[in-house]
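Welcome! Take a moment to turn the model around on your screen, and then let us walk through it together.

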Amino acid sequence: MDYSQFFNSALARLHDERRYRVFADLERIAGRFPHATWHSPKGQRNVVIWCSNDYLGMGQHPKVVGAMVETATRVGTGAGGTRNIAGTHHPLVQLEAELADLHGKQASLLFTSGYVSNQTGISTIAKLIPNCLILSDALNHNSMIEGVRQAGCERQIFRHNDVAHLEELLIAAGPDRPKLIACESLYSMDGDVAPLAEICDLAEKYGAMTYVDEVHAVGMYGPRGGGIAERDGVMHRIDVLEGTLAKAFGCLGGYIAGNAEIIDAVRSYAPGFIFTTALPPAICSAATAAIRHLKTSSWERERHQDRAARTKAILTAAGLPVMSSETHIVPLFVGDPEKCKRASDMLLEEHGIYIQPINYPTVAKGSERLRITPSPYHEDGLIDALADALLQVWERLGLPLQKKQQAAE
């Protein structure tokens with residue numbers, strides 16, 4: 001039997017649906033972010049990255065790089081295995097304490113990625129609650145969806161950020177049934193924010209646990225970078241907060257934080273934790289340095305918000321179809337998968353601007369977009385050059401513009 005036919009057929013379907021993904025070979029340059037070297041088919045070229053989730057550029061911060069180098073030099077590279085086999089190295093203990101403090105919780109637990117922390121955290125927590133009903137926001141990330149599926153519990157989906165619909169489902173479930181509400185604080189494709197205070201009100205009224213994914217908000221919002229929950233003053237009302245070290249903190253890994261008994265139960269039961277090699281010491285030290293810095297420094301957050309606001313203003317003034325967003329995410333509507341991919345290719349090849357296309361299944365068909373994420377290091381000249389390049393691409397592809405508005409001063 002020719003097994004290759006199955007894989008070739010699967011790949012052909014992706015090509016036909018304009019969903020086949022191509023990765024650019026990029027080499028970031030510490031100290032020069034958002035500039036990077038693109039190893040293109042025609043040789044090396046300088047490009048500007050406009051879609052990184054290293055939102056604050058902490059991946060190049062001297063404190064973070066220094067902590068990683070010092071720890072790797074002192075204790076070596078790998079963790080030596082799972083924590084059950086190799087023990088827990090000290091930099092990891094320090095990092096979990098730092099994360100618990102960041103979120104005002106008794107304990108935290110580290111995983112190898114934000115995806116794994118959601119997938120494993122949600123499924124393990126729900127499995128340990130008899131007859132648990134999971135109430136999940138309609139736009140939750142794939143990692144949360146997989147966690148809900150793997151829990152094997154009954155699940156119901158409430159309309160995105162619709163607290164009235166959520167309340168209907170809570171009432172129908174009855175007061176005696178255990179319930180887990182799972183949502184994100186900041187949804188990264190549209191840039192909108194969950195009504196966390198209202199969700200907490202409902203959870204307390206109807207006896208539900210809350211699990212909130214803060215991956216696109218930790219480090220970014222709140223006086224110490226604790227996320228939307230800290231900014232909105234509801235962090236203490238949320239049972240489990242999940243986050244990542246790979247975005248605003250510029251490193252790698254995911255985590256959950258909550259009361260000690262919840263964290264200990266997940267540590268003791270979760271296969272995705274028990275059977276996975278721990279994060280290396282150098283990564284843990286680097287993340288700890290990033291968190292400690294952002295707890296006390298507000299410059300990165302303030303500058304980041306300024307850059308995001310200016311990018312939105314300049315692109316909107318140029319007549320480009322900037323989708324409404326109350327956060328640092330700047331989505332630019334395209335609405336066609338082929339043109340979205342072509343726009344991305346043209347920006348890279350002709351203008352040295354790297355923005356990945358966002359097509360189905362990441363977003364719904366017909367809502368394809370370019371997702372722009374300014375950083376504190378995108379200067380005015382780069383923003384102006386982005387607007388000029390986008391206008392040229394829009395004209396070449398025959399994409400519609402909006403009525404031009406006067407740029408904000």
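## Some ground rules

Two residues are in contact when they have heavy atoms within 4.5 Å. Helices (H or I, at least four residues) and strands (E, at least two) are DSSP runs, numbered from the N terminus. This is a predicted model, in which local features need pLDDT of at least 70 and side-chain atom pairs count only at pLDDT 80 or more, while totals for chains, interfaces and linings use all residues. Residues are numbered from 1 along each chain as its sequence is written, and side-chain values use heavy atoms, leaving out hydrogens and water.

## The whole protein

You can find 15 helices and 16 strands in the protein. Its C-alpha trace spans about 65 × 60 × 55 Å along the principal axes. Buried residues make up 54% of the 409 residues; buried means under 20% relative accessible area, with a 1.4 Å probe and protein chains only. Among contacts between residues at least 6 apart in sequence, 71% join residues at least 24 apart.

## Helix α15

Several residues of α15 are buried, among them Ile 383, Leu 386, Leu 390, Val 393 and Trp 394. An α-helix has 3.6 residues a turn, so residues three or four places apart point the same way. The buried residues of α15 pack against α13 (299–317), β13 (330–333), α14 (337–351), β14 (353–354) and β16 (369–372).

## An enclosed space

A cavity is a set of points on a 1 Å grid over the protein atoms alone where a 1.4 Å probe fits but cannot get out, and its lining residues have an atom within 4 Å of a point. Grid points are joined across faces, edges and corners, and a volume is the space filled by probe spheres set on the points.

The largest cavity has a volume of about 100 Å³. The elements that give two or more residues to its lining are β4 (107–111) and α11 (271–274). Residues lining this cavity include Arg 83, Leu 92, Phe 111 and Phe 273.

Note on methods
Buried < 20%, exposed > 50% of the residue type's maximum accessible area, 1.4 Å probe, protein only. 1 Å grid on protein atoms, 1.4 Å probe; cavity = no way out; pocket = protein on both sides within 12 Å on 5 of 7 lines; lining within 4 Å.
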